[in-house]
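Open the model in your viewer and keep the selection tool ready. We will go from stop to stop.

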Amino acid sequence: MPEAPSYDYKTVQVGFEDGIAWVTLNRPEKRNAVSAEMATEMVDVVDKLEIDDRCQVFVLTGAGESFCAGMDLRDYFRSSDADTAVKRARLYRTNGTWQWRRLLNYPKPTIAMVNGWCFGGAFTPVIACDIAVAADEATFGLSEINWGIIPAGIVSKALSTVVRQREALYYVMTGETFDGKRAAQIGMVTESVPLAHLRQRTVEIARVLMKKNPNVLRQAKTAFKYAAEMPWDAAGEYLMAKSDQTTFNDPERGREKGMGQFLDEKSYKPGLAPYRRDD
Ligand code: COA
């Protein structure tokens with residue numbers, strides 16, 4: 001058996017529990033702001049978890065009372081201001097690699113569990129995750145305007161994919177904070193629950209996902225995300241091809257099982273539950 005990879009980091013903690021990989025941004029003394037070191041470590045984390053069977057669902061959260069206070073102002077602004085354009089681009093690219101390039105189409109289901117402060121650059125991984133659950137008590141804010149910059153990195157683009165222009169521009173331009181309930185109302189997160197139930201609700205969602213066929217789950221999210229950016233005719237062609245590819249590559253032959261259990265055995269109802277995967 002190949003040795004399990006090690007997850008020994010300074011700024012990130014990775015733990016496994018019943019199919020869930022808990023990835024915790026771990027600089028609580030800096031409210032889990034993303035330092036250059038954290039970005040580098042997170043690239044490694046997403047890389048390793050992609051092929052680690054202990055990770056069936058990837059959960060991103062923060063240590064202590066903060067989810068993430070955005071980009072570390074020292075690393076990403078003050079100390080890199082004097083760098084060459086190439087060096088700065090590299091710094092931002094490393095962060096973009098985990099925050100959205102990899103997470104947007106991660107081959108495993110991803111859940112952002114927003115437990116507290118969530119500012120600026122922290123919006124990106126929340127939006128890039130498939131599902132986001134916030135604590136009612138969490139505080140979100142596009143604080144950039146408050147210290148004289150625009151929501152860059154890729155925050156403005158990410159925001160435009162989930163929040164309507166009216167609300168997005170309100171928060172971009174006022175920097176006003178909002179709580180988890182409001183985040184759910186405007187589409188920033190999927191739902192919000194009291195902090196005391198946050199972990200339990202996240203586990204519940206992860207368990208639902210773990211009952212589905214992982215191959216189809218992976219293809220379904222990828223198909224949705226790409227199709228959203230295509231014109232209708234191209235999306236029609238793409239989705240039919242993706243659907244055929246999904247069936248063709250499915251080691252579990254889920255489509256046949258699902259139809260067989262419903263149409264022939266009449267042993268379950270696809271409208272209400274997944275097919276039995278162990279048959
Ligand atoms: N970058 C760098 N350092 C940060 C940081 C960030 N984004 N967010 C917090 N920190 C540091 C603080 O400078 C402080 O460091 P110190 O102990 O060396 O003084 C430490 O983390 C604790 O922060 P503090 O402000 O004392 O905590 P708080 O609980 O009172 O307030 C926040 C929490 C999140 C409201 C506040 O830290 C804040 O406004 N952070 C900046 C958020 C932001 O604008 N992010 C967007 C960046 S794009």
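Which side chains meet in a salt bridge at 2.8 Å, N to O? Select Asp-130 and Lys-221: their side chains form that bridge. A salt bridge here is a side-chain nitrogen of Lys or Arg within 4 Å of a carboxyl oxygen of Asp or Glu.

Before you go on, note that this is a predicted model, where local features need pLDDT of at least 70, side-chain atom pairs count only at pLDDT 80 or more, and totals for chains, interfaces and linings use all residues. Residues are numbered from 1 along each chain as its sequence is written, and side-chain values use heavy atoms, leaving out hydrogens and water.

**Stop 1: the two domains**

Colour 12-210 as domain 1 and 214-264 as domain 2. These bounds come from an automatic or database domain assignment. The domain centres, taken over C-alpha atoms, are 28 Å apart. Domain 1 gives 11 residues to the contact and domain 2 gives six; contact means heavy atoms within 4.5 Å.

Between them, the domains bury about 650 Å², with 48% of it on carbon and sulfur atoms. Buried area is the accessible area (1.4 Å probe) that two parts lose on being put together, summed over both. Now select Asn-105, Pro-107 and Asp-130 in domain 1. These three lose the most area to domain 2, together 57% of what that side buries.

Two salt bridges link domain 1 and domain 2.

**Stop 2: the ligand**

Show the residues around the ligand, among them Glu-29, Lys-30, Trp-117, Phe-119 and Trp-147. To be near, a residue needs a heavy atom within 4 Å.

Which side chain has an N or O atom 2.9 Å from an oxygen atom of the ligand? Pick Arg-31. Next, show the backbone. An N or O atom there in Met-71 is 3.0 Å from a ligand nitrogen atom. For Leu-73, a backbone N or O atom is 2.9 Å from a nitrogen atom of the ligand.

Finally, show the surface. The protein covers 61% of the 860 Å² of accessible area that the ligand has on its own, by the Shrake-Rupley method with a 1.4 Å probe.

Key. A polar contact is a pair of N or O atoms within 3.5 Å; within protein, one must be able to donate a hydrogen and the other to accept it, and residues adjacent in sequence count only if both atoms are side-chain atoms.
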